[in-house]
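The points can be taken in any order, with the coordinates open alongside.

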Amino acid sequence: ILQHLKKEKRMYILVLDQLDLFATLQSGKQSLLYFLFDLLHHPDLSMGIIGTTTRLDCISLLEKRVISRFSQIQIQFYPPEDIFHYLLLVQQRLLISPMSTKKHNLSSSLVKEYNESVQVGDE
């Protein structure tokens with residue numbers, strides 16, 4: 001999988017639903033989290049990870065080495081009604097707004113190409 005991701009020139013977002021289950025200390029699941037978060041620092045990969053959970057104490061369940069590998073940006077919101085609305089919400093968060101394009105002096109054609117390439121769910 002790693003070799004495939006390196007060859008692709010696309011951005012990948014991995015969504016880990018129920019992150020708190022990965023955070024338990026059983027069966028080396030924290031090693032998996034560490035490996036995944038460590039991939040974010042790889043210079044040849046363009047990917048991001050979104051973890052979702054209903055537990056507010058999820059981060060406190062993680063080992064220090066895992067915590068050190070991610071940005072810890074937390075966004076809290078009420079859960080969507082169903083998976084369709086959830087995927088729509090994720091897609092909206094991934095798009096670059098016209099305001100951000102002007103604010104950060106981004107190429108509008110590049111932003112348009114990126115926004116058109118954002119696909120959430122199965123291809």
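1. Basis of the note. This is a predicted model, in which local features need pLDDT of at least 70 and side-chain atom pairs count only at pLDDT 80 or more, whereas totals for chains, interfaces and linings use all residues. Residues are numbered from 1 along each chain as its sequence is written, and side-chain values use heavy atoms, with hydrogens and water left out.

2. Fold and extent. The protein has 7 helices and 2 strands, where helices (H or I, at least four residues) and strands (E, at least two) are DSSP runs numbered from the N terminus. Read from the N terminus, the order of these elements is α-β-α-α-β-α-α-α-α. Along the principal axes, the C-alpha atoms occupy a box of roughly 45 × 35 × 30 Å.

3. Of the 123 residues, 20% count as buried; the term stands for under 20% relative accessible area, with exposed meaning over 50% and partly exposed what lies in between (1.4 Å probe, protein chains only). Among contacts (heavy atoms within 4.5 Å) between residues at least 6 apart in sequence, 62% join residues at least 24 apart.

4. Charge. There are 13 positive and 13 negative side chains, and the centres of the two sets lie 8 Å apart. Lys and Arg are taken as positive and Asp and Glu as negative, while His and the chain ends are not counted; each charge is placed at NZ of Lys, CZ of Arg, CG of Asp or CD of Glu.

5. The largest pocket. A pocket here is an open set of points on a 1 Å grid over the protein atoms alone, where a 1.4 Å probe fits and protein lies on both sides within 12 Å along at least five of seven lines; lining residues have an atom within 4 Å of a point. The largest pocket holds about 2,000 Å³ of space, the volume being that filled by probe spheres set on the points. Its lining comprises 49 residues, of which V15, I50, G51, T52 and Y86 lie nearest its centre. At least two lining residues come from each of β1 (12-16), β2 (47-51), α5 (83-94) and α7 (108-117), and α5 gives the most, with 7 residues.

6. T101. Which residues does T101 contact, leaving aside its neighbours within four places in sequence? They are I96, L106, S107, S108 and V111. T101 is found in helix α6 (residues 98-103) and counts as buried because its relative accessibility is 9%.

7. Positive phi at Q18 and N105. Both Q18 and N105 are residues other than glycine with a positive phi, near 55° for Q18 and near 55° for N105. Q18 sits in the loop between β1 and α2 (19-22) and is partly exposed, at a relative accessible area of 44%. N105 belongs to the loop between α6 and α7 and is exposed, at 71%; its C-alpha atom is separated by 25 Å from that of H41, 64 residues away along the chain.

8. I73. This residue lies in the loop between α4 (64-67) and α5, and I73 counts as exposed because its relative accessibility is 68%.
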